[in-house]
Amino acid sequence: MKTPSVYVAMSADLIHPGHINILKIARDYADSIDGEVVVGLLTDAAIASYKRVPYMTYDQRKAVIENLRYIDRVIPQTSLSYEENIRALRPRYVIHGDDWKSGAQAKTRQNVLDTLQDLGYGELIEPAYTEGISSTQLNADARAIGISTNARLSLLRRLIAAKKPLRILETHSAISALIAQNVFVQKDGVKLEFDGFWSSSLTDSTSRGKPDIEAVELTSRLHTINDIFEVTSKPLIYDADTGGKIEHFGFTVRSLERTGVSAVIIEDKTGLKKNSLLGNDVEQTQDSIDDFCDKIRVGKRAQITSDFMIIARIESLILEKGQDDALKRAFAYVQAGADGIMIHSRQKSPDEVLEFIQRFRTQDTQTPIVVVPTSFNAITAQELGEAGANIIIYANHLLRASFIAMKEVAEGILTHDRSLEIEGRCMSVKEILSLIPGTI
Ligand code: SPV
Ligand code: MG
């Protein structure tokens with residue numbers, strides 16, 4: 001006969017006395033029926049579906065949890081819902097702290113009750129929640145301490161594996177990165193936040209009053225990134241324009257990697273680079289497939305970690321060379337070692353990007369695809385994800401937004417010859433002081 005079981009689902013990323021209390025209770029219930037305690041350990045994808053990716057990988061969390069003495073067995077729980085595991089395991093008891101009766105987890109709880117009722121077997125036990133300690137508080141404390149270079153660097157690959165699509169926001173300073181780090185909305189019980197940062201060549205140059213023509217050198221750009229990294233913990237994708245001279249690209253890769261950047265995107269243009277959204281209104285030259293593949297290979301040979309990603313950006317649609325050219329390049333770049341493909345477009349409609357993704361995906365289901373919906377802005381990230389894109393970059397919006405706000409306030413002060421009228425458009429001094437941890 002099958003051993004009777006007690007089921008407990010957990011993320012087990014930051015184990016605290018509240019978890020131990022639940023597991024001890026589960027042990028007591030299991031002993032009372034001569035059964036086993038089975039932990040359904042949420043996979044990275046299950047956790048990332050409703051909050052950030054965990055600090056530790058599934059295997060690391062498993063190694064910790066399966067060595068706790070109250071537990072007999074660990075199995076994966078691949079979604080937030082317990083249903084699949086409950087149906088397969090038919091536990092005598094399911095155990096969860098009583099804090100989930102209201103709030104975001106209430107739906108999951110109801111689903112557990114419905115499933116047990118449907119099976120006509122099993123009981124939900126809800127011990128009192130342990131006050132005074134919570135994963136949320138531990139998370140906040142961990143964030144305040146910061147993140148190591150390697151942990152940040154590897155986060156992007158882990159996120160790509162766990163979640164689709166990723167939403168990446170342009171940041172050009174520490175303050176804009178703090179906004180991208182902390183802003184969130186609650187949607188259908190899910191906490192939606194940005195997964196990382198985009199260091200845009202356009203906004204990093206523009207915020208320095210320089211044109212987007214590779215005129216701001218790597219060292220200056222790394223200063224901005226260091227400022228950003230000092231106060232945040234999310235991963236960053238670096239826009240390296242053309243990647244510069246092939247002889248220099250390996251050094252760029254090493255510097256980015258050393259700093260903790262997760263990925264570099266290089267575009268297949270050569271000569272004097274202009275911003276892609278200018279299209280054929282300016283002279284822009286696409287690199288040959290062979291030369292660009294060589295550059296990808298140089299980058300791949302230079303990197304030290306296996307986590308760093310080199311993403312090849314295809315400019316064929318920007319330069320009106322057509323889908324066939326774009327696809328031919330995409331497959332060649334992947335063959336040369338590119339860890340991802342970015343397909344760019346300056347059309348108002350997303351059609352050409354969707355066509356590219358669909359055709360690319362018929363031959364390659366794995367390589368991550370990056371898109372930048374600046375001009376085709378009516379399509380949602382969710383829709384692009386469903387079409388097969390992995391990373392959606394909002395490439396310039398924080399800088400564009402701040403420019404309008406600053407100009408309005410500057411004009412307002414001149415118009416009224418004082419600042420009274422525009423105070424409402426500014427954050428209060430008290431608020432701005434309290435925004436930065438450590439000010440007071
Ligand atoms: C950037 O943000 O600098 C980019 C994207 O490269 S785009 O401006 O659309 O070319
Ligand atoms: Mg750029």
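A polar side-chain atom of Asp239 lies 2.8 Å from an oxygen atom of ligand 1. This is a predicted model, in which local features need pLDDT of at least 70 and side-chain atom pairs count only at pLDDT 80 or more, while totals for chains, interfaces and linings use all residues. Residues are numbered from 1 along each chain as its sequence is written, chains are lettered from A and ligands numbered from 1 in the order in which they are written, and side-chain values use heavy atoms, with hydrogens and water left out.

| Side chain | Atom of ligand 1 | Distance |
|---|---|---|
| Ser201 | oxygen | 3.1 Å |
| Asp239 | oxygen | 2.8 Å |
| Arg313 | oxygen | 2.7 Å |

The protein covers 99% of the 280 Å² of accessible area that ligand 1 has on its own; accessible areas come from the Shrake-Rupley method with a 1.4 Å probe. The residues around ligand 1, with a heavy atom within 4 Å, include Trp198, Asn275, His344 and Ala395.

Ser201, through OG, and Asp239, through OD, coordinate the magnesium ion (ligand 2) at 2.1 to 2.2 Å. Ser201 belongs to helix H9 (residues 201-206) and Asp239 to strand S10 (residues 236-239), so the pair ties together parts that are 38 residues apart in sequence. Donors are N, O and S atoms within 2.8 Å of the metal (3.2 Å for Na, K and Ca); water is not among the atoms, so sites may look incomplete. Helices (H or I, at least four residues) and strands (E, at least two) are DSSP runs numbered from the N terminus.

**Helix H12**

Helix H12 (residues 289-302) has 14 residues and spans 20 Å from its first C-alpha to its last, close to the 20 Å expected at 1.5 Å a residue; the expected span is 1.5 Å times one less than the number of residues. Its buried residues include Ile289, Phe292, Cys293 and Ile296. Among the elements covering the buried residues of H12 are helix H11 (246-259) and strand S14 (309-314).

**Two further buried residues**

Thr43 is placed in the loop between strand S2 (36-42) and helix H2 (44-48), and counts as buried because its relative accessibility is 16%. Beyond its neighbours within four places in sequence, Thr43 is in contact (heavy atoms within 4.5 Å) with Tyr58, Arg61, Pro76, Gln77 and Thr78.

His19 is in helix H1 (residues 17-32) and is buried, with a relative accessible area of 17%. Leaving aside neighbours within four places in sequence, His19 touches Met10, Leu14 and Ser135.

Notes
Buried < 20%, exposed > 50% of the residue type's maximum accessible area, 1.4 Å probe, protein only. Polar contact = N/O pair within 3.5 Å; in protein donor to acceptor, adjacent residues only side chain to side chain.
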